[in-house]
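Welcome! Please take a look at the sequence and the model, and then read through the points below.

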Amino acid sequence: MLPVQKPQPVYHTLEEIRQRKDELLDQMQTDNKQFSTVWNQLFVKRDDTSKGDYIASLVANSVTVIDLFLLYRKLRKSYGGIMGLFGKSKKKH
């Protein structure tokens with residue numbers, strides 16, 4: 001699909017160009033403020049975390065890593081590695 005082209009405004013004086021430039025600058029500053037607000041909301045640091053929350057997070061992440069490692073071992077044993085999953089494993093004699 002082709003991009004929609006907006007009609008380009010025609011400027012007759014240098015003053016019209018300056019006015020448009022000021023309008024665009026104001027619009028960019030407003031957009032920048034909105035973007036900054038949304039960005040900062042994404043990365044809010046939590047001050048209410050305790051040591052218990054930290055340890056619970058650490059345990060949960062450790063369990064996930066162990067689970068992935070065990071899955072990898074099982075797949076490697078069953079299929080002979082990653083390439084075996086795609087049908088390119090070496091045939092055993």
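Buried means under 20% relative accessible area, exposed means over 50%, and partly exposed lies in between (1.4 Å probe, protein chains only). This is a predicted model, where local features need pLDDT of at least 70, side-chain atom pairs count only at pLDDT 80 or more, and totals for chains, interfaces and linings use all residues. Residues are numbered from 1 along each chain as its sequence is written, and side-chain values use heavy atoms, with hydrogens and water left out.

**Overall build**
- The chain has three helices and zero strands; helices (H or I, at least four residues) and strands (E, at least two) are DSSP runs, numbered from the N terminus.
- Of the 93 residues in the chain, 2% are buried.

**Phenylalanine 43**
- Phenylalanine 43 sits in the loop between helix 1 (14–42) and helix 2 (51–79).
- Phenylalanine 43 counts as exposed because its relative accessibility is 56%.

**An aromatic pair**
- Rings of Phe, Tyr and Trp (its six-membered ring) pair if their centres lie within 6.5 Å; planes under 30 degrees apart count as stacked, over 60 as edge-to-face and the rest as tilted.
- By this rule there is one aromatic pair.
- Phenylalanine 35 and tryptophan 39 form this stacked pair, at 6.0 Å centre to centre with 25 degrees between the planes.
- Both phenylalanine 35 and tryptophan 39 belong to helix 1, four residues apart, or about one turn of the helix.
- Phenylalanine 35 counts as exposed, at 53% relative accessibility, whereas tryptophan 39 is partly exposed, with a relative accessible area of 46%.
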